[in-house]
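The exercises below are meant to be worked through with the sequence and the structure open beside the text. Try each task before reading its solution.

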Amino acid sequence: MGEERIKGLPGGLAELATVASLPPVRSAIPEPVDGKRRKFRTIWISDIHLGTKGCNAAMLIDFLDSTDSETMYLVGDIIDGWRLKKKVYWPAEHNDVVWRILKRAKRGTRIVYIPGNHDEMLRPFSGMNFGGVEIRRAAFHDTADGRRLMVLHGDEFDAIMLAHRWLAVVGDVLYHLLMGLNRWVNVVRKAFGLPYWSLSKVAKHKVKNAVEFISRYEEIVARAAAERGVDGVVCGHIHTAEIRAFGGIEYYNDGDWVEGCTALVEHFDGRMELLHWPEEMARRARFDVVASPAAKAAA
């Protein structure tokens, strides 16, 4: 993309284009060629926060290389425009995430991108298609077993975002400080051979006000879904993966790729499941350790 064209882009898109420009012809981390991917009808992921040090891009790349689906929803805060405006941070792994998503679209996967509050600079482009990625303000999804789900980021129902944006920005700064500490904790854990662990996730569940906020948020979102006559709702925003029912409304939150590293998936029979990818990777590592001696013995 030419320099003059970048300068002419509106809002935060200029910063984004300067950082990412165009995805590379090939990724820095090659895709595996064994083709061993778990197949799903639909995948929902959100709150990746590309452009921040807290983004677990390597773990997300492993997820993208291990799964496939007919449809993928990107449920907001995929790119962190708030942070990119303050400081440019875009390592090769973040380009690799973009490259893999665009490659899925090229292979025939339907990709629907619903911008959140951190990538709100893309909201004016709702209804447009970029490289096979549909931009939508919200979407409706019909499951294989006939349920209709509303899909949206969820910041629309965050009272702090709506009434006190400055407080949300301050909270964002404090949150990133906590994520920096979380990163160092996991560097130490990795040195001792321990699996990934989310300090911020544990802290959130220990603080009474945070727990009350999450519970209240879930109820408000479920009520909004009921008012729109759907069977359930899929959202992100609060970085808390959850599947629960509120009366006759099913509430699904696909979590994030900063703290919990989770995805929501729909199986081909309509069954919904949350995948906690750190646990999936740990389970796979244990299996590889067990299988390795067996393979050697068979040889």
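**Exercise 1. Two aromatic rings**

Does Phe-125 count as buried or exposed, and what is its relative accessibility? Then describe how its ring is placed against that of Phe-130.

Solution. Keep in mind throughout that this is a predicted model. Begin with accessibility: a residue counts as buried when its relative accessible area is under 20%, and because Phe-125 has a relative accessibility of 19%, Phe-125 is buried. Phe-130, at 41% relative accessibility, counts as partly exposed. Next turn to the rings, remembering that a pair of aromatic rings is described by the distance of the centres and the angle of the planes. The ring centres of Phe-125 and Phe-130 are 5.9 Å apart and the planes stand at 75°, so this pair is edge-to-face. The pair formed by Phe-246 and Tyr-251 is also edge-to-face, with 6.1 Å from centre to centre and 90° between the planes, and both Phe-246 and Tyr-251 are buried. The structure holds five aromatic pairs.

**Exercise 2. The largest nonpolar core**

How many residues does the largest nonpolar core have, and which of them have the most contacts inside it? Which element supplies the largest share?

Solution. The largest nonpolar core has 33 residues, and those with the most contacts inside it are Ile-45, Phe-63 and Trp-257. Several elements each supply at least two residues of this core, including strand E1 (38-45), helix H3 (57-66), helix H5 (92-107) and strand E11 (262-266). The largest share, six residues, comes from H3. To see the surroundings of one member, select Phe-63 and leave aside residues up to four places away in sequence: Phe-63 then touches Ile-43, Ile-45, Arg-104, Trp-257, Ala-263, Leu-275 and Trp-277. Apart from this core lies another, of 16 residues, among them Ala-222, Val-233, Ile-249 and Tyr-251.

**Exercise 3. From strand to strand**

In which sense do E2 and E3 pair, and over how many bridges? Which residue of E5 is the bridge partner of Tyr-113?

Solution. E2 and E3 pair in the parallel sense over four bridges, and the bridge partner of Leu-74 in E3 is Tyr-113. Continue from E3 to E5: these strands run parallel and are joined by three bridges. In E5, the bridge partner of Tyr-113 is Ile-135.

Note on methods
Residues are numbered from 1 along each chain as its sequence is written. This is a predicted model: local features need pLDDT of at least 70, side-chain atom pairs count only at pLDDT 80 or more; totals for chains, interfaces and linings use all residues. Side-chain values use heavy atoms; hydrogens and water are left out. A nonpolar core is a set of buried Ala, Val, Leu, Ile, Met, Phe, Trp, Tyr and Cys residues joined through side-chain atoms within 4.5 Å. Buried means under 20% relative accessible area, exposed over 50%, partly exposed in between (1.4 Å probe, protein chains only). Contact means heavy atoms within 4.5 Å. Two strands pair if DSSP finds at least two bridges between them. Rings of Phe, Tyr and Trp (its six-membered ring) pair if their centres lie within 6.5 Å; planes under 30 degrees apart count as stacked, over 60 as edge-to-face and the rest as tilted.
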